[in-house]
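Please read it alongside the sequence and the coordinates.

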Amino acid sequence: MLQYAETICVDAKIGHVPHVVSALSDLENAGAWVTEVGQLNQLLLFYSSSNLLDLQRQRAALLAKIPQEFILQTDITTWRVIAPVLPMGVYGQAYEWRCYHVLPNEMEKVEREFLSALNRRVEVSPLMCGLISLEGTPRIAHLWPYGDVKDRQEKRAQAVAAGGWPPKVAPYLYKMKNALLSPLASSQWK
């Protein structure tokens with residue numbers, strides 16, 4: 001069965017992240033993180049479903065919570081889930097969001113390489129989700145939970161040393177983004 005997800009990336013006005021965090025204090029069935037390293041004053045919201053209509057309903061409910069007077073920009077992406085989403089729960093205080101822009105007509109190769117390398121990688125630490133964009137710029141993204149930043153460094157080094165990671169996708173990419181995130185108290189993934 002196909003599973004889908006959406007992300008809402010919220011760029012808050014400088015100094016107003018606490019207002020947005022407060023507005024999201026009663027989240028249900030969604031993950032929420034604030035960027036610690038990467039583009040600052042940014043929040044990432046995540047939710048998933050096997051039904052696209054359910055995603056649209058959840059999107060509307062989440063957007064209604066966000067106080068627009070504190071927001072500069074909101075970017076919404078619908079994704080196809082290619083690596084199962086971890087159940088909601090406690091996984092760590094540092095999450096790594098990676099998003100890669102894929103050259104035209106190369107997504108099939110990127111997905112194949114990513115999935116073939118993933119089995120060995122998740123032996124080192126769990127993946128929260130792997131995603132492929134359904135609209136806009138072709139992108140692949142993944143979100144990894146870690147106990148903390150030191151744990152992330154150790155696990156990533158261990159995965160690289162074990163071989164097979166990172167996947168051999170560099171020839172098919174033209175832009176790479178990375179952010180370290182902290183979960184909000186209301187996030188369903190912590």
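E96 is buried, because its relative accessible area is 0%; buried here means under 20% relative accessible area, exposed over 50%, and partly exposed in between (1.4 Å probe, protein chains only). The model is predicted, so local features need pLDDT of at least 70 and side-chain atom pairs count only at pLDDT 80 or more, whereas totals for chains, interfaces and linings use all residues. Residues are numbered from 1 along each chain as its sequence is written, and side-chain values use heavy atoms, with hydrogens and water left out.

**Salt bridges**

- The side chain of E96 forms a salt bridge with that of R98, at 3.0 Å from N to O; the term requires a side-chain nitrogen of Lys or Arg within 4 Å of a carboxyl oxygen of Asp or Glu.
- R98 also counts as buried, because its relative accessible area is 11%.
- By this rule the model has 10 salt bridges.
- K150 pairs with E154 in another salt bridge, in which the closest N and O atoms are 3.6 Å apart.
- Both K150 and E154 belong to helix α4, where they are four residues apart, about one turn of the helix. Helices (H or I, at least four residues) and strands (E, at least two) are DSSP runs, numbered from the N terminus.
- K150 is exposed, because its relative accessibility is 55%, while E154, at 44%, is partly exposed.
- E111 counts as buried because its relative accessibility is 18%, whereas R80, at 23%, is partly exposed.

**Helix α3**

- Helix α3 covers residues 107–121, and its 15 residues should span 21 Å at 1.5 Å a residue; the expected span is 1.5 Å times one less than the number of residues. The end C-alpha atoms of α3 are 20 Å apart, which agrees.
- The buried residues of α3 are M107, V110, E111, F114, A117, L118 and R121.
- These buried residues pack against β4 (71–83), β5 (94–102), β6 (129–133), β7 (139–146), α4 (149–162) and β8 (173–183), where contact means heavy atoms within 4.5 Å.

**Largest pocket**

- The largest pocket holds about 460 Å³ of space. On a 1 Å grid over the protein atoms alone, probed at 1.4 Å, a pocket is an open set of points with protein on both sides within 12 Å along at least five of seven lines, and lining residues have an atom within 4 Å of a point.
- Its lining comprises 21 residues, of which C9, Q42, D75, W97 and K177 lie nearest the centre.
- At least two lining residues come from each of β1 (4–12), β3 (42–49), β4, β5 and β8.
- By class, this lining has eight nonpolar, nine polar and four charged residues. Ala, Val, Leu, Ile, Met, Phe, Trp, Tyr, Cys and Pro count as nonpolar, Asp, Glu, Lys and Arg as charged, and the others, Gly among them, as polar.

**Second largest pocket**

- About 200 Å³ of space lies in the second largest pocket.
- Of the 14 residues lining the second largest pocket, Y100, P166, P167, V169 and L173 are the closest to its centre.
- Two or more residues of this lining come from each of β5, α3, β7 and β8.
- The lining of the second largest pocket divides into 11 nonpolar, one polar and two charged residues.

Key. Grid points are joined across faces, edges and corners, and a volume is the space filled by probe spheres set on the points.
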